[in-house]
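Subject: Structure for your review

Dear colleague,

I am handing over the structure below, and after it you will find what came out of going through the coordinates. Please read the notes with the structure open beside them.

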Amino acid sequence: MQAKKRYLIVLSAGACLALLFCLGGVRLPAAGRRSRHDRSRRSDQPWPHYSDPLHRFQPWDREDTEEFNLHTSPRQKKEANTSAYRGRRCRMDSCFDFSACHRNGFKVYVYPPQKGEKISESYQNILSSIEGSRFYTADPGQACLFVLSLDTLDRDQLSPQYVHNLKTKVQNLPLWNDGRNHLIFNLYSGTWPDYTEDLGFDIGQAMLAKASISADNFRPNFDVSIPLFSKEHPRTGGERGFLKYNSIPPFRKYMLVFKGKRYLTGIGSDTRNALYHVHNAEDVVLLTTCKHGKDWQKHKDARCDKDNAEYDKYDYKEMLHNSTFCLVPRGRRLGSFRFLEALQAACVPVVLSNGWELPFSEIIDWNRATVIGDERLLLQIPTTVRSIHPDKILSLRQQTQFLWEAYFSSVEKIVLTTLEIIQDRVLEHGSRSSLMWNSHPGGLFALPQYSAYQGDFPFYYATLGIKPYPKFTAVIHAVSPLVSQSQPILKLLVAVARSQYCAQILVLWNCDKPLPAKQRWPATSVPVIVIEGENKVDFAFTVWQSFPERIVGYPARSHFWDSNKERWGYTSKWTNDYSMVLTGAAFFHRYYHHLYTNYLPTTLKSMVDQLANCEDILMNFLVSAVTKLPPIKVTQKKQYKETMMGQSSRASRWADPDHFAQRQTCMNKFASWFGGMPLIHSQMRLDPVLFKDQVSILRKKYRDIERL
């Protein structure tokens, strides 16, 4: 009988447990999710030594905090969990239609602006960046991805940028289709005092490119985490990073700094409230102020006056540019403007924002540029950063500069990186490797349509330990008719054909006179292919083999800033400085032809075609923008000048008095599109001999070099 009672009690308890589980009364512990760059680590291990990979925290549950429970009702908690992302299970294979992308390529359509709808400057910069990119299409029937013209950046109801009735406006879009194949950009969501991640409308099956997104709500390989950027962030170009000296050890005035708000009411960072415990006013300077908001004095605590006085003693920019590490703690939201500010300043970000999915986490290995800590271990931060070896610090700082310039220095780069990430998912077979994303020049300049093998790009030869192909193809652009066998173009063809490294010669015939008969071309030992257009060598090549990512050649030109006209100028004067090498007599990797054709916008290429001019300037702009390096000039006698070229033929384009005016215009048009001047001056010239000697010319390896 007793056994029967025990059996009934156990059976009843089991039934109750099952019922509670079904009703959601018992929560099973969730497994911690890690990014692809993280490795497993025991939770009781100490902070890593500098030589170990820097690992991120376990996800932090915001719903367990006093702040969340204080300001949120049970109904609001439930809505926050269910309405923030109604399509929270969406992934590329379940909520994305690949058919249009495979049919027409990766094209992006931007909805036309709706009458009466205001668009913030930041969102207009995003839309302009898309419309100016190679991905843009004005035909929705050709599109793979759709972007709203309705401003979704600021979904804080207290903000003047907040767009009302967005739910109805989005649902009425004829192509909405429950958000399928749509991308929504967002910087701010939720409002005071809770700041949830709800955008205030049902995004359906749309992807989110969102700042301050939590790891709990982030849908891996579907959403894109973007950085929080200010309205002053430049649309194109942007300033370069501030790492001026690669000194070892890389000592700066401060070891660790922070200067920002301390929140007295509403959701805020407990970490910021505890910073005074670590501040020592010497090499660790962590400052907060209570002075924000109209009624801050009503809520001031006993520490406010002292904190405010200390806060006013320091200049933020001076601290930023003179510190090795910059603390990036969570504020009202998970993300912070300080993250990008620290990257640009070459101040290694120390991220204390548990649960934040870092920007572009799908492709960027943040362990190579940041220290990612746990908010609950604030007091260990100074000891941790002091233990990092100077060599590691220099490596971290160098990576901050690369990431800043490659992906974050402008709105355009942030937008293009977002689109490139999605394109890699869509065209997965040709996606970029981690090496391409995390090393110079970055994924934006390593187009997978060219090749999936890093060895086919000029940037990775040294990293992979391989050498360039030992032969070159010569491309000769012919714009003048063949009148005699002594013309420079034929002499050039013969001289190039003699090179032991020449594989073939391509002649681009772009002259208004008919193509000469075959017998008029000189006999050569290598194939000569003449292509009709519609509308000394060995030494230079061996130099290029040592610098395969640059342009290496003979005629050099330079740029300068004309302060009187407030524009960029172009000069062919012989000076020690140069910033361009004319491609009429130069070596460069064939990948730059692919990049020129597929990366640059149609507007620039059409301008070059219409002028029949400036293609060499545009190529120099492109290569310098990619490499952040100047071209390389090799020996050349002072015989060739553009101003003298017109003497040989009245039909020559060099005789056109508008030639230089056109090139000046080109310089400024190109600089405008690149968002700044990418060209870099250099004084380096490489010669096979650096002084005259008594050795016979017949015994010299490059005996023809003095004839150039």
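Contact here means heavy atoms within 4.5 Å, and please keep in mind that the model is predicted. In that sense, the buried residues of helix 9 (residues 304-311) pack against strand 8 (254-261) and strand 9 (284-289). Those buried residues are C304, D307, N308, E310 and Y311, and because they cover an arc of only 165 degrees around the axis, they sit on the same side of helix 9.

Turning to the aromatic residues, the count of aromatic pairs comes to 34. F339 and W366 form an edge-to-face pair, at 5.1 Å centre to centre and with 65 degrees between the planes. F339 lies in helix 11 (residues 338-344) and W366 in the loop between strand 11 (348-352) and strand 12 (371-372), so this pair ties together parts that are 27 residues apart in sequence. The rings of W366 and F408 have their centres 5.9 Å apart and their planes at 35 degrees, so that pair is tilted; F408 belongs to helix 13 (residues 390-408), 42 residues apart from W366. W366 is buried, with a relative accessible area of 2%, and F408 is buried, with 0%. F339, W366 and F408 are among the members of one aromatic cluster, which also includes W437.

Best regards

Definitions and conventions. Residues numbered from 1 in each chain as written. Predicted model: local features only at pLDDT ≥ 70, side-chain atom pairs only at ≥ 80, totals over all residues. Heavy atoms only, no water. Buried < 20%, exposed > 50% of the residue type's maximum accessible area, 1.4 Å probe, protein only. Helix = DSSP H or I, 4+ residues; strand = E, 2+ residues; numbered from the N terminus. Arc of directions from axis to C-beta. Phe/Tyr/Trp six-rings, centres within 6.5 Å; stacked < 30°, edge-to-face > 60°.
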